[in-house]
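Let's walk through this model together, going from strand to strand and then out into the loops. Have the sequence and the 3D view side by side as you read.

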Amino acid sequence: METPFLTHLTQDDYKYVYEASEDSFLLLDALEEDLQDIKKQSPLLCVEIGCGSGVIIAALAKYLSSSAHCIGIDINYRACEATKKTSRVNSASLDTTAMDLLSAFRANSIDLLIFNPPYVPTDANEENLGDQETFSGCLVKSWAGGEDGCSTLNRLLPSLQEKLSHSCVFYLLLLRENNPKVVLEKFSNFGFVGKIIKERKIRGEYLYILKIVRCNSIK
């Protein structure tokens, strides 16, 4: 799986859009290592929540170009614009749409889900700065995760039973401070099971990639 070029994005773009960093590339590495399983799963609809610069969904779209429809979603419309630029420069076919989490998707429609959420533990005031229409506010919203770093993930969890297909695989990035084992317990309460498939220490952070499926999809 090729890592997309991002040289078309400028410093002005990065005032509003999260710049691909070590966490993005860890997620790319995990997907690349799992490509055989992804291909075997034959997903028809692949979705990335919080597509940002588009580096992840564009890489996946190019790899699955003949078999899957890929969509990058972001609450920040500027991120959707950046992702479309990335797709065009890298000849990757995908769509983008500005929406809050999975609100506009049909039931049981998503076969592959990817999410690098706002995961940094922050107080409520800092998290709410993301509601301001300023470049600093947009960037805050891309990483500020609330008290335990899981506020956005906690909002997503109740919708997964409805939105994900029965064979869906969900790749999720977390920080050590998010307590991945506790997060996996939360998933089990909603009928899912998961495991850590990759981890890496980077610049004072310790990151994990979780792979999550429905309990009844395990053979």
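Which residue in β7 does Leu 175 stand opposite? Leu 175 faces Leu 207 in β7. Before going on, note that this is a predicted model, in which local features need pLDDT of at least 70 and side-chain atom pairs count only at pLDDT 80 or more, while totals for chains, interfaces and linings use all residues. Residues are numbered from 1 along each chain as its sequence is written, and side-chain values use heavy atoms, with hydrogens and water left out.

Strand β5 spans residues 164-175; strands here are DSSP runs of E with at least two residues, and helices are runs of H or I with at least four, numbered from the N terminus. Of the 12 residues in β5, 10 are buried, where buried means under 20% relative accessible area, exposed over 50% and partly exposed in between (1.4 Å probe, protein chains only).

Now look at the partners of β5. Two strands pair if DSSP finds at least two bridges between them. With β7 (residues 205-214), β5 pairs in the antiparallel sense over 7 bridges. With β4 (residues 110-115), the pairing is parallel, over 5 bridges, and there Phe 115 stands opposite Leu 172 in β5.

Let's finish in the loops. Most residues other than glycine have a negative phi. Ser 91, not a glycine, has a positive phi of about 55°. Ser 91 sits in the loop between α4 (77-89) and β3 (95-98), and counts as exposed because its relative accessibility is 61%. Asn 108, also not a glycine, has a positive phi of about 55°. Asn 108 lies in the loop between β3 and β4, and its relative accessible area of 36% makes Asn 108 partly exposed.
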